[in-house]
Each structure stands twice: as structure tokens, then as C-alpha cells.
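Please open the structure in your viewer and keep the selection tool at hand.

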Amino acid sequence: MRSVLLVFAVAAAAAAEHRMWVCMRIQKNWVGGLPLKPSGLFVDSPGGTFEQRGYNHPLVVGLDYDPRDPSTLYLAAGNGLIRASERGRRWRILTDHQVTELRDVSVDPNAPGTIYFAHVGGLHVTRDGGATFEPVHPLARRRYTETVRVDRTRAGRLVCGGESGLYLSENGGRSWRLAGGAGFQIMYVQQSPHDADHWLAVTQLGGLLVSADGGRTFENSGNVGVHRNLYDIAFDPTTPGRIALCGWGPGVVVSEDNGKTWEERNHGLPSTAVWSVAFDPDRTGRLVASLHEEALYVSEDAGRNWRRYGLEESVAYRIRFIPEAAR
Amino acid sequence: MRGTLLVLLATAAFAAPPFEARVRELIESYAHPKGNDFGYATIAARLKLGQDPAWCSRRLIELLEPPIHGDMFWMFPTTAIAYLDRGQLSQEARQALREAWRTYMPFRGDTENHWLLYYTSLYLMAQLWRGEPGERWFTGKSSEENLREAAAWIDSWIRLTTRRGQGEYDCTHYIGVFLLPMSYLAAWAEDPVMRKRAQMMLDYLIADYAAENLDGIYVGSHARTDDKMVIEKWHSVAGDFGYLLFGLGPRPALMNGYALYYSVASAYRPPAILERIATDRSTPYTHYERKRTRNRWRFHDELHGPVYKTTYIRREYAVGSDQGGILQPIQQHSWDVTWAVADPRGVHNTFFTMHPYSSLYELQTYFSFGPDFGVEEVVRSKRTYDSPDKLLGGSPFEKIMQDEDTVIALYAIPPLTRFPHINGFISKDLDEFVEDPSGWIFLRGNQALIAARPLQRYALKPIQGGGRRLFSPYLNNGVVVQAAPASEFANLEAFRKAILALELDYRLEPVPSVRFRSLRGRRLEFTYGETPRVDGRPLDYENWPLFGGPFLEAAVDSEQLLIKYGSERRKLDFRRNTVE
């Protein structure tokens, strides 16, 4: 019976169009300076084991890819913007000494070679695949930028968030306007795969911010995560209306009605300190979450029940399902 | 008189061998360590001495077995070994070293010393292994790309340091990781301009320390120190360098590895003028410095804020301070009085107060920490960070003024602040300690007399390891401190009378405010949140020099440093890369 299940699992994984990639660090009992257990970029292999790709690195916190070539990933890392080609195996640090401690990265799918990245000193872009870079900070001062996301439907349109609020640019970062969340530190911003006008942003203490007009304005949803810290947003690509958020305190929070109501779904989780979440686009209802210094957990029913999955003692900063082949 | 004799006797007792002998002794101590801890330092030391190359090769191969760790603190030892090889290592050992620089990606880190170690090492290794493609480097960049990037960062660091000061300034520990990279470049950079600028930076950094040391102890405020060094002042990397460079203080039992790596590279001996500045305390002086904060990523309009330092030094003691506030995360030390002792080993020769502050705000200002885990992550390595009993760290609710050997520290701690009290450090090594009914405390440490007037009631609590913690649980608070040499008074009672005769007015509401006529006859006025005044004139922060005082002189943005001693002059000009 067990063999049959295993074969089934392997067959299912082999047939999957996407693979799960994780930016993580084995953090339990670790402090800077001590030997670092395998950390950095990992991919979920058929059979349920994780394989490390590229170098050991303590601070890979974000990743993205160009839909035209998903075998090349772009990593937001402590050492800079890293191009991880050959399915993550071959790394090159694209940036130089002028930027440090990246926080997020977003490839413009409609502008070849254009990659934006958020870092502690602001926001930069390359428009030539990493040969040259230019700053595109929304603000002259107080530049700390935590997250950036490009509109998948229009080149040069992007939203970023940082120390104080969300900013929208519609011309590749050449000019910006405040879109909302002023006074709140923005932790992450995401666009719905079902409705290009629907954007969400999570904050430190301020809860969830919602945009229904393509990121022009964000309003507080007022009913989830306020006074707590939310770290990640996952739209379920298989099920319109289903969204997961996560944070410390609320744990995993899921909405089945496009964010009108929310339910904490932490049954089977060892704590409610959750760093990241992601839905599997190939298996409806399959949701993955990173529990602080515990492991990755997986749910097959959109978070109603959980089981331990792998990457023991890790903190996964970001989990992404990335297609195996170009679209 | 008796103390002066003791100091002289102690100096004689610690008479150090010549510089070259100190360097040799240090290298020998690492080449043949006690015990079985044979690491990269032993290899570097033996290669420097030309000893046992076969063992060095074998041991290097063992150490380079994956998984490697250490990041930039791995890069600089292996860089030294690569340059000390000089044909001694086996081909296999060399290949292992080369391969390690391809397969191991060191983290570049998040602060000034990390980046300097990283880029200095990368620069030298790219210079050593020229013409190699990106596939041969952990960066994925070619040797020439690595060399260019590293050179650009090093140049930018030199420019920023000589214009606005260091961010990690005057560190009791990290001084070593600024000196050793410059020693490497001064010895091993092939580019004569880089080599020269590195040597000039050695003069610059050593001058910074020389003018602000007392018998080898780095005095004054520090961007970073630690829980032990903040009270046992000599026990530090700076103390090691004091001995190595100038023969100051007792011979350390085993110097820190940073001093070793400094010595196996250029082993640069500072010019005589710096030795005179480091050792001559015959005339009291006030020394001024402007530094900058570490990178403030959040919550501030400017990336770097100014740090205004004042340090008064005389043979018997030093009094040093910054202006207060959070200038650095976690390990800042803002002010103290440090007195000279005959033998500093194990001695806690200092007095200070502080507000124990810890917060996510502080951490998010300087780091990329998220909100929930930042404090816990810091406490894992800096264990006292979130302790109410701690004696280390700055506070946004502390403001300080200093004039010569008088300090006024004021505190206005908002309600609901995590630790609503101030701590003071009362040493186990005081020669006299008197709590006077007037509210003043009188202390004597060797030949230093110290009067301290807490503005609120306090209790004294024992500290593990000796000494007591002055604990004063009031939000609006302060302390007025006046130091004086014992030679100015017949005894502590005479000092007490002189202090009690000084005019002191203060109020605590709405914020602390003090008017004090100092022992030096100056009228000091200081209200929390306002610019301090001396004899009616506000302190001139606008024109605070990068360096000012009898020994060092530099204007902000000048990229120059004038080193002075008597009629001697040595001028470093980083714009023209000249030393005159």
C-alpha cells in the first residue's frame, strides 16, 4: 500500500507543471558566526525531498523568474541581486558594492531584461538583464524598501512598499505617487492572478491593505491582522476568491470569499509564528506554510489540517511555485 | 605623590621590548600555541616564519574541507595564507585554497567592518588570481570585475572616513578589523596608489587611537564595545594594539588574532610622532572628534547622523563622551571616566551611568530585522541586549554634555519605556567610596577623584563579578560628574569640600535641567533636548571638527589630517595621496 502511494506521489510530482522553491535558513540555535547549516535556495524534488541549489547563504529572502525562461531565477540576497541560472545551480551576483541586503525582487514579464529589487537603501532596477542598474527610489529620503511587485499585465507598472506606505509607478519607476498605507511599514505586496485590479499588501501592525483599482489606492481591510505583523500573501491560482495570509500571532489566515471574511486555520500547526505561505497551482487546496524554526508544513485542504513536510528547523522567507517550462 | 611613583614604577615594570621584538614574539606565540588549537592563524604564523611548510599544507587542506564557515572572518585569514605562501605550500594545498574561493560564498555582512574585510580580501585574491573567468569565483564575476568592485568600495570607504568619520568609530574590539585590512593592502597591493593610501589610512586610524588612549586603554565614547570591555577597560583588542604598536600597558598573555594578521602583513610601525602622541600625557588636553552613525536604514531623513565626541585626557584619568542618543545599535558606550592604574589586568577602572534601552525601533533603524524576531535574534549573540541590568548600549533618552573633566548626563525616559530606570557602574576597584548626605557620591580610583551627583534617589545593587550597580528608577533623571586629579587636593575630604562649594541648581520637570559651576570655573547649563551652554555660549556643533585638539586637526570633508606634536608635523592628504 505504501509503495503504491509512493508511486502515486512520485507520478503526481513528475506530472506537476510547477515545482516549489524555497528561500530559507536553518535558524534554530543559530547565530551569525556559527557554522551555517544548509541554507539558501531549495527546490522540492519528486518524492518529497528538498535539494539545495547554488551556494550556502544565510540571507536569500526573495525570488522571482522571467516567464520566458523559468530555468533562471533571480534572488534577493544579502550579497546582492543574484542570477541563479541552470535551474538555480549557477549563481552570479549581478549587483556591486552599491547595494546591500536585498529584501525582494520582481521581474517585469512584459519588459524583457527588466528586474526591480527592493533593498535596505531603496529600490533599483536593471533594464538590461543585470548589466547596469539605476536607482528608482520613490522617495529622496527614508528609502528603506521591503517589497516590490510588477503588474503582470502592463510593462513598467509596479507597486513598492517600505518604511512608510505603498507607492505606485506607471512608468518604470521614473515617477511615483503614494497609494496608501502611509505611516505603516509594508511587509509584502501581491497582485491577484485572477483579477489584475486586485492587490493586497500586509503590514507591520496595520493589518491588511486592499486595492481594487489596480494599486492606485489601498485601503485598510480592517478585519485581519491589525496590531499584529503579517508577512506573506498567497492567492490560490486554482480557486478564485481563496487567499491565505500569514504572520506571527494569527498564524495562517484564509479567506474563501476574496477577503471579505477570514478564518484562522492553524489546526495541526505547532505554533502560530508563520513566515510564509504559498498555494500549489497544480493541486487545488494544497497550501504550504513555514513555521518559525520548526519546518515547512503542508495542508491538502486549504489550511484546515496540516502535516509536517520538511526543511526541519528552518525559516522560509519566501515559498514560490515556479513553472518547469516557459509559458 | 605615592600614586605618581606607582605609575612610574608600573611603567618601568611594563617596559616593553622593541617593536620588532614585540611583533616577532606575537608571531611566535601563534606559530607555537599552547594546546591543540591549530587553525588558520598558526598556519599564517608558521608560513611567515618559514617553518614547517609540509604541516601547513596538510593542515590547510584539512581546514578547507567543506563545509567552510566564517564568511569575511574566513576570508581574511585565507588571504593572508595565500600571500604568505611564497612557494612554501604544496600544490594540493594551493588548489584546495583556490577551490574554496570558488565553492564557498562568504556572506558580505551588514556593517562597515564586514565590508572592509570582505572587499580587502576579495581585492587581494582577485589580484593574486588575475585573468580568471566568473566560473572560478563564488561571485560569478571575473577576477577583473572583482578587483574593480573591491577597489571601488575601498576607495569609497577611505573617502567617507576622511570626510565624515567612521561609522564604527573607536571600537575597543573592532579596531583590529580596520587595522588589519589596511596592513594587508599596505603590504600586498600591487597598485602603488592603493598601497600608499592603505599606509596613510594606517597612520590615520592609529592617530585616531593614539590621541585617545590612556596607557593603551581606548578611552572616550565608543561605537562598539562589549559587556566585559566596557568595565575592564584594558582587556581589549585596542589594549593589544597599544602594546604592539607603542609598548603600552602590560604584555597581553595572548594577543587577539587581529594583531597577528596585522603583524604577518605589513607589520607597519607607526611613525615616531604617533608614538609620542600615544605616550605623552604630561599635559592635560581636550580632544574633539566628529564621527558618524552607522547606516540608519529606517526612521531618519539622513543615512548618517553626526557624532560629536569630546575626550579630556591627563596622566591620571580620561573623561570622554558623545552627545547621547542612539548613534549605534546594541553596543554603543556613550560616556565614562576611566582612571589610570598601575596594573590594569582584571581591574574595572571606570565609572559611568546609562539608560538600559532595547527596542525593535533601534534594531529596525540599523538592520533589516522584521518585527517579531529581531530582539530575540540579537539576544542570541548579544545576551545582555534586552536586560534591565545591562551596562552597554546607547539610549535615545540620554543627552550628554562635557566640558573638560565635567560631564552632565540627563535622562527623560517616556512612560511605558521598557526599562524605566538608569544604571550606573560602581567599580569593585575603587580606593575610596563615600555617599555624602548632600546627595553627592565621592569616589577615588588611584589618582583620580570623581564626584557624581545623581539627581534622583538610587540604590546600589551587587553585580556578579564584583562592583555595584547604581539603580535609579525615575523617568526624569540625571547625573553631574566632576573629576579631578588627586594631586590638586590634600585628600578626598578636601575634594568634597571643594565640590560642595560649587554652585549647582537643577530641576527635573518638565525635563531635567542643570546649571553647574564646574571645578574649572565654567558655568555649564544644560536642559534636556536643548543645546548645552558653556559660560553662556552654546556648544558649536555646526563647526565641530573631524579632529580637533593639540595632536590632531582635520576639518569635515577635508580628506586631510594634520598630525601635530610640539613643532613636528605630519600631514596626510588623501586627495593628493601625499604625506608631508
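The stops below each name a selection and describe what is found there.

This is a predicted model, in which local features need pLDDT of at least 70, side-chain atom pairs count only at pLDDT 80 or more, and totals for chains, interfaces and linings use all residues. Residues are numbered from 1 along each chain as its sequence is written, while chains are lettered from A and ligands numbered from 1 in the order in which they are written.

**Stop 1: chain B.** Select chain B, whose C-alpha trace spans about 75 × 55 × 50 Å along its principal axes. Chain B holds 16 helices and 26 strands (DSSP runs, H or I of at least four residues for helices and E of at least two for strands, numbered from the N terminus). Of its 580 residues, 54% are buried (20 or more other C-beta atoms, placed from the backbone, lie within 10 Å of the residue's own).

**Stop 2: helices α7(B) and α9(B).** Select residues 112-128 of chain B, helix α7, and residues 175-188 of chain B, helix α9; their axes are 9 Å apart, at an angle of about 20 degrees (axes are lines fitted to C-alpha atoms over the stretch in contact, and angles run from 0 to 180 degrees between N-to-C directions). The helices α7(B) and α9(B) are therefore roughly parallel to each other, a term for angles under 35 degrees.

**Stop 3: the contact.** Which residues in α7(B) meet α9(B)? Select B:Asn113, B:Leu116, B:Leu117, B:Thr120 and B:Leu124 in α7(B); their partners in α9(B) include B:Val177, B:Phe178 and B:Trp188 (contact requires C-beta atoms, placed from the backbone, within 7 Å).

Conventions
Parallel < 35°, antiparallel > 145°, perpendicular 65-115°, else oblique. Contact = placed C-beta atoms within 7 Å. Buried ≥ 20, exposed ≤ 12 C-beta atoms within 10 Å, placed from the backbone.
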